[in-house]
Amino acid sequence: MNFYKDHYDVIVIGGALAGLSAALMLADKGKDVLVLERHNLPGGLATSFVRGGVEIEATLHEMMSIGDKGNRLKIGQFFDDMGVDIDWLDVPEAYHASLPGIEVTLHPGFERFAKEIDTAVPGTFRKVLSLMRLCHTVYDSVNELSVHPMSKAKMLLKHEAFVKTAGYSAKEVIDSFGLPQKAVDLLSPYWIYVGNPLSTLPFTIFAVLMADYVGYGSKVPKKLSHEMSLKMAERAEAMGVQIEYRQHVEKILVKDGAACGVRTARGDEIHADYVICSAYPNKVYADMIEPADAVPERAFKVVNGRRIGLTAFTVFLLLDKPAEELGIKDFNVFHGETMDTDEIFRNYLGTGPYNYLTAICLNLANPGCTPEGTCILSITALPRVDGWKKVKAEDVDRVKHETAKSMADAMSEYYGVNLLDHALEVIIETPVTVAHYTGMFNGCIYGYMHDMQDHIVARLQTAEEEKIFSHLEFSGAHQISGNGMGPAVTNGRKAAKNVLDDMEKEAARA
Ligand SMILES: Cc1cc2nc3c(=O)[nH]c(=O)nc-3n(C[C@H](O)[C@H](O)[C@H](O)COP(=O)(O)OP(=O)(O)OC[C@H]3O[C@@H](n4cnc5c(N)ncnc54)[C@H](O)[C@@H]3O)c2cc1C
């Protein structure tokens, strides 16, 4: 029997969060959808692995944009609307900042957050609160404008704060509040969740990040991030989506400037009206389009004009005691030798030792995530890919162990306990692991860097001009909303919306 139908409305390449979100939205509108995933499981980076009989979260620190039941934010609402029922747990704090001369734990809720900064840096309450309120106003505008685009004149009237700040970096706007450096340092740690130093991070992105994480708090799925991908896949199949695993798409077939199908590594040629692709455009234009000479030079100019974002290096330590017995008190510690984000960004060009780390103890949000009497600590740096690309194959093992050891040592010093003495399992996830597991270009988890010339606002304006093939949409961290699991869902939905809008236009023309 043939695996495939003769024709689908849409083929989605990649069964991770972005691809599955697109598939759910299309199936919800009655479209006939095929998802092809190269791995034997859904989820891509939203996955887990098993060591020593324990299931371990592979990536997720915290999910943004979920919200509480009855008061959902946009990603939580999408899951609810699609019938993807996830058991969400609250993350107890925003973060603990451990920086030179600073040891402060901050909690979500603007007033509480501002009060806690004020306790550490007296006299800053009103300024921090008004900065947070500005972030929230911009966040509301971004949420509205991403659903209801409007003319520039109307935007200026209705979204003044958004328009006024859109051309400035996070550093420029924060500096305009005249806060002492220590307060600025306390406001900065989340920069790593988007991967741009504050001097080049558009304020719009900083505002969304702070409003969402600090304003509403974050959550984690009780059964780890794989709960999201498994339940999305299950719902998609219940809605009629065909999902095939271990199907690597090698080629996207185009004819007369439009995508019309794919070819898998097995040699199956499958046809569809539209293709949605999770692979990076860099890879698609260089390797995947058939015929290759259909790719215009303009395509390479578009992708080469962007900078690839950060990758990830994580050390997982399954520890032989509960967190409290090891002095681990906070879910999320941002630990740095400096909070100068330009300096950290330079340090991330190498392979370590890294001067800025994030340590997550998932048990403090999800007590049952490891067997009783143990806990899991993941220590992450988000380097740039450049340094790792220079490591020779014969040196990878040595460099990775040295880097991992330096990270475990730094956090051991912070907690005052030798973590490696308590390790039941040590697992090292490098940029190579990420590239190998997901096939992502250069192991990049963050898509293209947000930039003052190239971020959500600019990308919305240039999306049409940058379209190379009709009937081909991209979804994933490399698209308009950028990096992270929440944005991956948004990017998948956006790709599906583009397809649905196009179908409607073509039907009206016919
Ligand atoms: C250590 C670490 C920590 C992180 N922490 C967080 C966090 O706390 N919060 C957060 O929001 N985000 C976090 N992220 C980022 C987040 O995991 C990703 O941004 C998000 O999961 C990307 O989802 P995606 O669907 O775009 O792509 P991916 O998860 O990369 O999936 C792409 C999928 O496409 C498939 N695929 C690719 N090419 C092909 C092909 N040719 N044929 C068939 N299938 C193909 C792959 O197998 C994969 O399943 C973290 C990432 C890492 C590595």
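Student: Which residues are the closest to the ligand, and how many surround it?

Tutor: First, the ground rules: this is a predicted model, where local features need pLDDT of at least 70, side-chain atom pairs count only at pLDDT 80 or more, and totals for chains, interfaces and linings use all residues. Residues are numbered from 1 along each chain as its sequence is written, and side-chain values use heavy atoms, with hydrogens and water left out. Now the shell: 31 residues surround the ligand. The closest are Glu37, Leu45, His61, Val249 and Met485. A residue is near a molecule if one of its heavy atoms lies within 4 Å of it.

Student: How much of the ligand does the protein cover?

Tutor: On its own, the ligand has 1,000 Å² of accessible area, and the protein covers 96% of this. The areas come from the Shrake-Rupley method with a 1.4 Å probe.

Student: Why is the ligand said to lie between two domains?

Tutor: Because domain 1 (7-70 + 224-306 + 449-509) and domain 3 (310-438) both give residues to its shell. The bounds come from an automatic or database domain assignment.

Student: What makes strand 1 and strand 14 a pair?

Tutor: Two strands pair if DSSP finds at least two bridges between them. Strands themselves are DSSP runs of E, at least two residues, numbered from the N terminus. Strand 1 (residues 7-13) and strand 14 (residues 269-277) have 6 bridges, in the parallel sense, so they count as paired.

Student: Which sense do strand 13 and strand 14 take, parallel or antiparallel?

Tutor: Antiparallel, over 3 bridges, with strand 13 at residues 258-264. Val262 has Ile270 of strand 14 as its bridge partner. Strand 14 also runs parallel to strand 21 (residues 472-474), joined by 3 bridges.

Student: Why does Gly261 count as buried?

Tutor: Buried means under 20% relative accessible area (1.4 Å probe, protein chains only). Gly261 is at 0%, so it counts as buried. Gly261 is found in strand 13.

Notes
Helices (H or I, at least four residues) and strands (E, at least two) are DSSP runs, numbered from the N terminus. Buried means under 20% relative accessible area, exposed over 50%, partly exposed in between (1.4 Å probe, protein chains only).
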